[in-house]
Amino acid sequence: MRRAHVDAAQYGGFQLTALVVLRMLVGWHFLYEGVTKITNPQWTSVSYLQDSQGWFSETFRDLALNPGAVSVVDVLNEWGLTLIGLALLVGILTRTATVAGIVLLALYYLAAPPFPGLEYSLPTEGSYIIVNKVLVELAALVVLLALPTGHRVGLDRLFVKSGTAVEAA
Amino acid sequence: MSDESVKDTEGQVESAGIGRRDVLKALASVPVLGVFFAGWYEKKLADDAKREAIMAELGLEGRAPAVIPDAISRPPGDRVRVGIVGFGGEGESLGRCLGFAHPDWIEAEARNNLENPANRTLEVFMGQEDLNVSITAVCDLFDVRAERARAAAANADGPGGATAGQATRYRRYTELLESDVDAVVIATPDHWHTRIALDAVAAGKHLYVEKAMTRTEEEAHQMYDAVTASDITFQVGHQQRQSETHIKAREVVDAGVLGHVSLVEVTTNRNAPWGAWVYGIDDRGTPATIDWEQFQEPSENKVPFSPERFFRWRCWWDYGTGLSGDLMSHEYDAVNQILGIGIPDTVVSSGGIYYFKDGREVPDVWQAVCEYPERDLTLMYSATLANSLYRGQVFMGHDATMQVGQTVHVTADQYSTRYAEKIAGDVIDPTRPMFSYNPRTSGVDAVTSATAAYFAQRGLLYTYRDGKMVNSYHLHIKEWIDAIRGNAETSCGIERGFEEAITCHMATRAYRENRKVRWDPVARRIV
C-alpha cells in the first residue's frame, strides 16, 4: 500500500489527468447503469440470466429460476452499479470500488462470454469475439487498481491526509 | 506539474494536515457528479413527459385494472355442497380449484417442485382461498376416476382441508341430483352437458358447465330457456374471464385507443399429441370398469365399447365438436369479453384432417371467419394441431394494434389518423409498443410441462392479482360460489354462454354442411 502511494505520487500531470479521467468515465458509466435500473421498476436481470451461456451458464440460469434469488441479484446489481459508480466518480473508497467493479464485470463476462459458437437470444450492440466491451472495461479497472488515483484527486485524499483510512488508496 | 507531485509527496511525508489545495483536489470530481445528475434528470424528465403524453393521449393507466371482478375476499358464509359429474382431467382440475386435490397429485407436484423450485404449481394451489365448500357427491362412469374423485374430496391436505369429507359416488347423475348437493359442476364430454343441466335446473341446483356449453344448437336453446326461466346461479367455464390482461384489454378498447377495429385474428395452434386430444388410455378402463352404454346413451350413433372413443372423445362428432367447441370457444369468448360482439351475422369455415390421420372425424387444421356487418368487423379464427406458433389475440384498429396474451401490447399504426401528429413529432414510435401491460411486476414464475406452458401463455391457467400468481380456474369457480351466496355476478352466465354456443355451432355447421351459415336474430335460429 505504502509503495503504491509513493509510486502514484510520481505521476506526471498528463498521466494523472488521463488516469483520473478514465476513472471518472468508468464511474459515470456504472452510475448511469445503476440509476436507470433503480428508477425503472420493470427492470429485472431475469432475461440476462436465462440467456446465459458458457462454463457457468447452469449456475446463472438456476438463479433465474428462483424468484428469491432474482430479487437479490436485482438489488445487488442496481445498488452495486450505483455505489461503485459514485465511488469511482468522486474518488471515495476507490480501491474497494475498483475491486468490486472488477468482480461485477467478471460476472457479466462469465454469464455471457462472447466465445465462438455461443449464440445469444438477446442482441449485442457490437461485433465481438472473446474480447467485448465488458472485458475492456474490466481491464480499465485493473489498470486503475494498479495505478490508483483516489488519494490524489478524490475524496480519499482527505482521509489519507488525516490518516483515518489507510484502505483508501 | 511535476514539482507539484513532488510537493504532494513531501506533504504526505511531512504533514498530516489538510490544506486548501487538498480540499480542492479532493473535491475536483464532485462537479462532474452535478453534471451527471443534471443530465440524468433532464433525460428522465424528457422520458417521463413522453410517456405521460402517450398515456394522456390514450386515457389509460399503467396500473392493474381498476375493477377486478371478485378480487375482494368476502366472508365465506354457509358451506356449499358441491357435486361433480365427470372427473376426467377437467373435472379433477376443477376439484382442485374448489380446494381438493388427490393425494397422488400433491405428491407429484411436491416432487416437481423439488426437481425444479421454479415450478410453483403446488404453492399456488396451497395458497388458494378456502371457499368453504365440500364435495359431497361424485358421478363418473369409470370406476377408477370415481374413486379418485372420492379420494380428492376426502383429502384434508389442501386449501379446502377444513371441509374435506366423504363424498358419495353415484352411478347415474340423476341419483346425484336427488342428493343434498346445492350446486353441480358438469365436466363431462359435451354430449352429456344439456341432459344433466336440464335435470339439474329442474332440481334447483346451481350450475357450473364446462365449455363448449352444448354440443348442438338445439341443446343451446334448451339450456338457455331452462336457465333463464330459473333462478339458479350459472357459470360457463371460460376462466380467461378472470385474466388480468383480458380485463386490461377491455379497458384499452373502452378507452378508444385502437380506433375502429375492423379485423380480429385469434388462433390456437398446438403441436403435440395432448394438444390433438390423443390423451393416454388407462389400461384399467375395460367394459367391466366403464359404463359404456351409459356413456353413449345420448348419442344416436351406438358403437361397441371403444377405449379410444371414451378417453379421446373430442376426436368424434358424436361427443363433441372438435376444435370448435374445445378451443375456438375460448378464443371467441375472449374476444366477446373484450369487444362485446355477440353472435355473428354469418360464418364460413374450412379445414381438414391433414396431420393426425388416426381415424378421427374432426379436422385438425381448421378456420372459421365470422362477419359482424353491424360492427364493420371480421373475426378470423384459425387453428392447426401440427404447429405451435403463438401470436396472441390480435385486435387490428385504424389507429393501433393490440396483442393480448399473458401481456397486453398496444402499438400505434404508422398511418393512424389520431396519432399522426405524435408520430410525426417523435412522441409515438409506430415500430414499438406505445403501451405494454405485464401483470407480473417482479420475479419469475415457471410452469414446466408443455401443456401447462401452453395454457399459461394464453392466460388460461394462471393470472395475477397484485402481482401474485393465481389460478384463473380457481377465481372463476370462486366467482360462481360467491354468486351462489349472493355476493357477486358470474362473468360468463347464460347470455354469454349462449352466444359462445351459437357462434361455435355456426362454425361447426358451416364446416360440416360446407356452406355459409347465417344467424336469424328474429327467429333466433341458425339458417
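I take helices (H or I, at least four residues) and strands (E, at least two) as DSSP runs, numbered from the N terminus.

**Conventions.** I am working with a predicted model, where local features need pLDDT of at least 70, side-chain atom pairs count only at pLDDT 80 or more, and totals for chains, interfaces and linings use all residues. Residues are numbered from 1 along each chain as its sequence is written, chains are lettered from A and ligands numbered from 1 in the order in which they are written, and side-chain values use heavy atoms, with hydrogens and water left out.

Entry: I found a cis peptide bond between B:Lys211 and B:Ala212, with omega about -10 degrees. B:Ala212 sits in the loop between β5 (206–209) and α10 (217–228) of chain B.

Next I looked up positive phi values. B:Asn514, which is not glycine, has phi near 50 degrees. I located B:Asn514 in the loop that runs between α18 (494–512) and β17 (517–520) of chain B. For burial I use relative accessible area: buried is under 20%, exposed over 50%, partly exposed in between (1.4 Å probe, protein chains only). B:Asn514 is exposed at 67%. B:Arg524 also has a positive phi, near 50 degrees. B:Arg524 belongs to the loop between β17 and β18 of chain B, and at 32% relative accessibility B:Arg524 is partly exposed.

**Entry: the sheet.** I count two strands as paired if DSSP finds at least two bridges between them. In chain B, ten strands make an open, mixed sheet, ordered β14-β13-β12-β11-β7-β10-β9-β8-β17-β18. β14 (435–437) and β18 (525–526) of chain B are the edges; each has a single partner strand, so one side of each lacks a neighbour in the sheet. Inside the sheet, I followed β9 (residues 365–372) and β10 (residues 377–384) of chain B, which are antiparallel and share eight bridges. There, B:Cys370 has B:Leu379 in β10(B) as its bridge partner.

**Entry: helices across the sheet.** Axes are lines fitted to C-alpha atoms, for helices over the stretch in contact, and angles run from 0 to 180 degrees between N-to-C directions; contact means heavy atoms within 4.5 Å. Helix α14 (residues 323–339) of chain B lies across β7 (261–267), β9, β10, β11 and β12, at about 145 degrees to β10(B).

**Entry: cores.** A nonpolar core is a set of buried Ala, Val, Leu, Ile, Met, Phe, Trp, Tyr and Cys residues joined through side-chain atoms within 4.5 Å. The largest has 96 residues, and B:Met402 and B:Val410 are among those with the most contacts inside it. Leaving out residues up to four places away in sequence, I saw that B:Met402 touches residues including B:Ala249, B:Ile338 and B:Val410. A second, separate core of 30 residues includes A:Val35 and A:Ile84.

**Entry: cysteines.** Which is it for B:Cys97, buried or exposed? B:Cys97 is buried at 1% relative accessible area, and B:Cys492 is buried at 0%.

**Entry: chain A.** Chain A has eight helices and zero strands. Of its 169 residues, 44% are buried.
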